[in-house]
Every structure is written in C-alpha cells, then in structure tokens.
Amino acid sequence: MRKFKVTLEQQERDSLVAITQKGNHPSRKVLHALILLHCDQGRFQDRCLRNEDVAAVLKISRRKIDGVKKRFVEEGLDVALQGRKGQRVYEKKTAGDFEAHLVALSCRRPPEGFSPWSLRRLADRVVALNYIDSISYQTVRRVLKKNEIKPWKKKGWVIPPEQNADFVAALEKVLDVYKRPYNKDSPVLCRDESPRQLIPQTRTAIPAAAGRPACYDSEYERCGRGDIFMLREPLAGRRMVRVTEHGRKSDWASLIQEIAQRHEEAAKITLLRDNLDTHGPGSLYETFAPREAKALWDRFEFVYTPQHGRWLNMAEIELNVLAGQCLQERIDNRDELASQVAHCQAHRNNRNSTIQWQFTTEKTRTKLRRPYPTIEM
C-alpha cells in the first residue's frame, strides 16, 4: 500500500492553525485541517504520528486519514481541505419567466376544495398550465425558498381600516400617551382582559422521559371559565393581574376602585383601554353609590384604543407573555389559575420587566399610511 507523506510549509501550517482556532468554518474543513496538522512530518520530524494514533485522537477511521493525505500530496492543500468539485453539469430547468409565473401562482387562491397550496399541488398546476413540461416538487420548493415565499403559512394580524380618520385620531392619541415621561402623580396604565376556559385532565398524562415528549389525552371536560384582568404600568415596569369568575360590570368597577386605592396619591390616572361597552363609566354608577362613582370617575382619564387597533395596548402584549409562561398546561379551577398568574406576576415584577415601545407617530405616518385619508399611497 502506497504511503503518503505530508510535509507542510510554515505558511500552510499557520493557515491550518487559524482554521482550527478561529473563524467560522465547516466542521468537515476543520477536521481535515486537524488531520494534516497531526500528520505533518515537517513538524514532528522523526517522531511523526502514525495513522493509528491520529485516528485514536480524532475519533475517525484510518481510511479517512489516508484519503486526506492522498489529496494533499496529489492535488494540493485546497482540495485536501474542501474536497473535489463535482464534474457533473446539471441543466438549469427553470428560468426567470417561469419563476415569475410560479411566484404569481403561489400568491393566488388555491383551487376549489384545496387549502392551502402544497408543493406537489403547485408542481402539478404549473405543468397543467403549460408553464413547463415537467418539474419536481423539490424544484418548486427551491424556487419559493429563493423568493422567500411560503404559501402555506399565514400570519394572523389585525388589519387597520383604509382611510379612516377616526382610527387615525385614536391611534395618534395612544402614541402621544406613550410618549409621556414617568410621573407618579399622573401614572399611565394599560388594561386588558382575556377569558380562560377551565379544562381538567380526564386521564393521567404520560410524563416526559429521555427520547420521549410528554403525552396528554385529547379528551377534555369543561369546568367553567375565568376572566384574567391585566393591568400594566409600562414606565414603572409593574403589572397587576386579577382572576374573576366573569367579566361583569361589577368586576371591572371593583378593579377601577383597586387601581384608585393603589395610586391614592395620584391626582389623575390615565387608563388606556379598549372600547368594550360593559367597561365604561356607567359601570361605576351601577356598582357604587353616585357620590363614590363620581369621585372615581373624576380621578381617571380614559384613553381608548381604536377599533381594529387593540395591538396598540401594551396590556395585550403582557397577556401574551403570561399565556406563554404559565398557561400552557390545563387548569381546572380558578384558584389554581389565580395562583399561577400570581407567581408569574411576582416574577416579572421582581425583574422589573419593561416593554421597549418603538412605534411613534412619525413612524406611523411613514410606514402605516393605509388608514390616513390625507396621505397618498
């Protein structure tokens, strides 16, 4: 068997050391560089490592070492590191006009009875429309990937109305409120709520183990519901969460009363909220005596998010964080639900977690021009 001897020059040795110690290189290239460095007779001279020793150190086969050494001796350092380039020439099946047709087709509605587009369905459709003689679904996948299109993926989003002055007025009012500096005498708070179904486990779940995820039975039983009221003070990094049986007017009025007691030194409390009819000043008069209701109402400034603009409410962002952190499991009673959200509330309050709000009026007029009736698109 022919023996291949590796003798590196100092410049080659330095470049191989640099590949193994720094930079972003493929693991295959790093491994080949280590093989050449360990087999370098110019470095080890009389005590050159044998293939068996290198294989034991790098945990590879001796045949792999012989292949790298052979390519280095016969074809040079670059081929030894990166391998030989394939000699086969593939004919390009798709051109720019076909890709344009495919992209346009993937953005249309799929045929009746099918939703959404699949790669195989797109491949069959372009052949049926005579855009191309034949094509595989993998070629379709590469074209869509290159154009960053995923026709099977849809993002849920609240789309603002087009050219709506009322929406714009409420939008810019909310953004102006968020620009206010922190002032304990005039705090800014955001409020939102989320209903939660109470669902128990009807069968014992199988716990997770090595190589196996946890398994839950799909059967469930309803045990009522609970309403999660979220109150968020953005600039202070605090939040208050309450769990009630229903989202009634009396529950909302009691929350307003608790807010007023927590901020008893504040002259005016700005409360940003949605347009739900049951959560208005009239609920205070239905719950409290007129004198107390009027005193509470006078302490608050209500700022409303626009219709189709609840995403402007930071309390909704906080509710999404809450759902991701502690509401992934099934919960079957309100006491357990209240305990879970209380722990999450304490954790985030102790960390003083804040929201970095970047949306401003200037950015709105530039990027969200659809609802503005006086800005041309």
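Does tryptophan 297 count as buried, partly exposed or exposed, and what is its relative accessibility? Tryptophan 297 counts as partly exposed, at 37% relative accessibility; the class lies between buried (under 20% relative accessible area) and exposed (over 50%), computed with a 1.4 Å probe on protein chains only.

1. Basis of the note. The model is predicted: local features need pLDDT of at least 70, side-chain atom pairs count only at pLDDT 80 or more, and totals for chains, interfaces and linings use all residues. Residues are numbered from 1 along each chain as its sequence is written, and side-chain values use heavy atoms, with hydrogens and water left out.

2. Aromatic pairs. The structure holds five aromatic pairs. Rings of Phe, Tyr and Trp (for Trp, the six-membered ring) pair if their centres lie within 6.5 Å; planes under 30 degrees apart count as stacked, over 60 as edge-to-face and the rest as tilted. One of the pairs joins tryptophan 252 and phenylalanine 302: the ring centres are 6.1 Å apart and the planes stand at 35°, so this pair is tilted. The two residues come from distant parts of the chain, 50 residues apart, with tryptophan 252 in helix α11 (residues 249–262) and phenylalanine 302 in strand β5 (residues 300–304). Helices (H or I, at least four residues) and strands (E, at least two) are DSSP runs, numbered from the N terminus.

3. Surroundings of that pair. Tryptophan 252 is buried, with a relative accessible area of 0%, and phenylalanine 302 is also buried, at 15%. Ring pairs link Trp252, Phe302 and Phe300 into a cluster.

4. A pair between two helices. The rings of tyrosine 285 and tryptophan 297 have centres 6.3 Å apart and planes at 85°, so the pair is edge-to-face. Tyrosine 285 belongs to helix α12 (residues 281–287) and tryptophan 297 to helix α13 (residues 290–298), twelve residues apart. Tyrosine 285 is partly exposed, with a relative accessible area of 35%.

5. Charges over rings. The charged end of arginine 273 sits over the ring of phenylalanine 302, 5.9 Å from its centre. Arginine 120 lies over the face of tyrosine 137, at 4.0 Å from the ring centre. The criterion is NZ of Lys or CZ of Arg within 6 Å of the ring centre and within 35 degrees of the ring normal.

6. Cysteines. A search of the whole structure finds zero disulfides, a disulfide being a pair of cysteine sulfur atoms within 2.5 Å. For cysteine 223, the closest cysteine sulfur is that of cysteine 326, 19 Å away and therefore too far for a bond. Cysteine 223 is partly exposed, with a relative accessible area of 35%.
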